[in-house]
Amino acid sequence: MKKLIIGLTGASGAIYGIRLLEVLKPVDHVETHLVMSAAARQTLSLETDYTVKDIQQLADHNYDSRDIAAAISSGSFRTAGMVIMPCTMKTLSGIVHSYTDTLVTRAADVVLKEGKKLVLGVRETPLHLGHLRLLVQAAEMGAVIMPPMPAFYHQPQTIQDIVDQTVNRILDQFDIQLEQDLFTRWQGSK
């Protein structure tokens with residue numbers, strides 16, 4: 001059983017984290033541990049018709065972002081890693097500077113210190129030099145920088161197709177295979 005921590009923060013793009021949870025819900029060999037920042041809760045209501053309770057029901061375990069004594073805040077918690085999708089620049093900055101004032105940043109800090117995979121779906125554009133430096137520092141610390149940038153080789157027809165391709169690629173980072181991929185993988189030019 002893989003345990004995967006999923007963090008949602010207040011950046012635009014809440015649907016990515018929601019879809020990740022939806023896709024993982026029926027996967028028997030993955031246990032999801034969700035933590036949402038206070039800003040994520042607000043963004044959720046601005047961008048979607050989902051309630052916080054709707055999202056929490058998609059996860060196997062839920063944590064309050066203020067509870068820095070939660071199970072996922074410890075290096076003794078066994079996990080395959082963590083995805084923060086979407087990830088704000090504030091969260092990125094907290095991770096890079098080891099400023100663990102919330103459970104999202106504490107869990108990310110622990111994942112890095114334990115040598116586990118941390119995937120950051122950073123959502124901001126355009127990026128100024130400070131953002132770019134933070135991204136480099138996070139990568140140097142071992143994080144995987146994976147902004148949700150759409151691909152078009154699979155000829156998406158809907159926003160859902162675009163979101164699904166990114167979600168499937170996130171799962172690839174943790175070697176989580178679905179019964180059927182959410183998009184058509186590149187087969188080479190013909």
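Begin by selecting helix 1 (residues 14-24) and helix 7 (residues 159-173), because helix 1 passes helix 7 in a right-handed crossing (right-handed means that the near helix is turned clockwise from the far one by less than a right angle, left-handed that it is turned anticlockwise). The contact, meaning heavy atoms within 4.5 Å, is made from helix 1 by Ile 15, Tyr 16, Arg 19, Leu 20, Val 23 and Leu 24, and from helix 7 by residues including Ile 162, Val 163, Val 167, Ile 170 and Leu 171. By class, this contact has 10 nonpolar, 2 polar and 2 charged residues, where Ala, Val, Leu, Ile, Met, Phe, Trp, Tyr, Cys and Pro count as nonpolar, Asp, Glu, Lys and Arg as charged, and the others, Gly among them, as polar.This is a predicted model, in which local features need pLDDT of at least 70 and side-chain atom pairs count only at pLDDT 80 or more, while totals for chains, interfaces and linings use all residues. Residues are numbered from 1 along each chain as its sequence is written, and side-chain values use heavy atoms, with hydrogens and water left out.

Helices here are DSSP runs of H or I with at least four residues, and strands are runs of E with at least two, numbered from the N terminus.

Next, select helix 4 (residues 89-96) and helix 5 (residues 103-113), which pack at an angle of about 45 degrees with their axes 9 Å apart; axes are lines fitted to C-alpha atoms over the stretch in contact, and angles run from 0 to 180 degrees between N-to-C directions. That angle makes helix 4 oblique to helix 5, given that under 35 degrees counts as roughly parallel, over 145 as roughly antiparallel, 65 to 115 as roughly perpendicular and the rest as oblique. Show the side chains of Thr 91, Gly 94 and Ile 95 in helix 4, which meet Val 104, Thr 105, Ala 108 and Leu 112 in helix 5. The residues of this contact divide into 4 nonpolar, 3 polar and no charged.

Now select the positions that UniProt lists, in an unreviewed entry, as "binding site": Gly 10, Ala 11, Ser 12, Ser 37, Thr 88, Met 89, Lys 90, Thr 91 and Arg 123. Such annotations may be inferred rather than shown by experiment. Of these residues, Gly 10, Ser 37, Thr 88, Lys 90 and Thr 91 are included in the lining of the largest pocket (on a 1 Å grid over the protein atoms alone, a pocket is an open set of points where a 1.4 Å probe fits, with protein on both sides within 12 Å along at least five of seven lines, and lining residues have an atom within 4 Å of a point). Gly 10 sits in the loop between strand 1 (2-8) and helix 1.

Finally, select Tyr 153 and Arg 169, which the unreviewed UniProt entry also annotates as "binding site". They are spread over 17 residues of sequence, yet they cluster in space, with a largest C-alpha distance of 13.8 Å. Tyr 153 is found in the loop between strand 6 (144-145) and helix 7.
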